[in-house]
Each structure stands twice: as structure tokens, then as C-alpha cells.
Amino acid sequence: DKDGLKNFSKILIFLILFSCKGQDPLTSAKVEGALGPKFPELVLNSLSPTDGQTQVSLKPSIVLNFSSSVVPLSVTVNLNSSFCIGSVQLSKDNFVTCEQLVPPIANDVNTSFTISPVYNLSELTYYKIKVTNKIVDTVGYFLSNPYISNLGFKTLDSTPPSISATF
């Protein structure tokens, strides 16, 4: 197949040029010079709920904002168990177990992802968020600043107040 041979030739030339520059093409964080423009690393710009935030809904929207377009299939979650798997995790026991999450919803340019728990979270409980370096952008760079909440966010008390009267 001629197209396959052309692609193979391009990759081979790329590897040779990179080797001539004294860089490893498979682990280099940036591509620059004669090989094309310099691409910025993938960064998690913001996350909500924020660390230490209180009065968070029992079914919060967890929103991740990245510096560049992300490959949607690299944003993975625990869909149906209590295991801490996936590139985005939510836990109330320091990642011994994790909450089941709904599959991520991306914005139209894949820079923002919204994730929510399948079930309501426990009231008045701290939850930590973990975002691993398994998330990759469309250029092929992995997340440069993996994240784990320090304190976590605290859910609200949804129990209505009781009124008691004594006569």
C-alpha cells in the first residue's frame, strides 16, 4: 500500500532527524526547530469543585479545564465498581475505594470535561479528586501536572431542620 509506505517513510525521517538533534523522539516533551512549531505541554488549568470548598451538592458537576484539546477517550472514569480506576477518580476514603462516575461530557473543542457521580454522595463528607497523567492531548503530550486534592470538597447537609415545640 503506497500510503502506508509514505507514512512509514515520514515516521522514519522524523525519528532520524530527532536522533540527529540528540533527543529521544518518544520521550521528548516538545517538538521544535526544523521539525515544526513548539507545542506547549498539556496543563490542567482549573478544576471545580475546588479544594476546601464546602456546601457542595450531593450530585456535583466536576469540571476539568485543560490548556489544549484532549483526546476524549483518555478521560476515563470508574463506571461500575468501587475500584479506583480511570484517569479521573473521586473518593471519600483517600482512594481506597472510589465513587462510580458518569462518562465525561466534553465541550466542543475537548478542552473542558464535566463529570458527575452516578449516585448521590454522602452528606457532610469530604471527597478528594484525582486527575492522573494518563490524560493526553491531541498532539500526544500527557498531562504535565497530575492532581490530587489536598483536603477535598465537603458536601452539604440536605437534611431539613426539625422543629420541636415544648408546651
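How many bridges join strand 4 to strand 5 (residues 112-115), and in which sense do the two strands run? The answer is two bridges, with the strands running antiparallel.

1. Basis of the note. This is a predicted model, in which local features need pLDDT of at least 70 and side-chain atom pairs count only at pLDDT 80 or more, while totals for chains, interfaces and linings use all residues. Residues are numbered from 1 along each chain as its sequence is written, and side-chain values use heavy atoms, with hydrogens and water left out.

2. Strands here are DSSP runs (E, at least two residues), numbered from the N terminus, and two of them pair if DSSP finds at least two bridges between them. An open sheet is formed by four strands in the order 1-2-5-4, with antiparallel pairing. Its edge strands are strand 1 (44-48) and strand 4 (105-106), each of which pairs on one side only.

3. Strands 3 and 6. Strand 3 pairs with strand 6 (residues 126-131) over four bridges in the antiparallel sense, and Leu90 lies opposite Ile129 of strand 6. Strand 3 is covered on both faces: Val88 and Leu90 on one side, and Gln89 and Ser91 on the other, are all buried. Buried denotes under 20% relative accessible area, exposed over 50%, and partly exposed the range in between (1.4 Å probe, protein chains only).

4. The disulfide. The structure holds one disulfide, a term that denotes a pair of cysteine sulfur atoms within 2.5 Å. The bond is formed by Cys84 and Cys98, with their sulfur atoms 2.1 Å apart. It links distant parts of the chain, 14 residues apart: Cys84 is in the loop between strand 2 and strand 3, and Cys98 in the loop between strand 3 and strand 4. The disulfide is right-handed because the torsion about the S-S bond is about 100°. Cys84 is partly exposed, with a relative accessible area of 23%, whereas Cys98 counts as buried at 6% relative accessibility.

5. Ser81. This residue is placed in the loop between strand 2 (62-66) and strand 3 (88-91). Ser81 counts as buried because its relative accessibility is 17%. Its side chain reaches the backbone nitrogen of Phe83 at 3.2 Å. Leaving aside neighbours within four places in sequence, Ser81 is in contact (heavy atoms within 4.5 Å) with Cys98 and Gln100. Cys98, one of these two partners of Ser81, is also the disulfide partner of Cys84.

Methods:
Polar contact = N/O pair within 3.5 Å; in protein donor to acceptor, adjacent residues only side chain to side chain.
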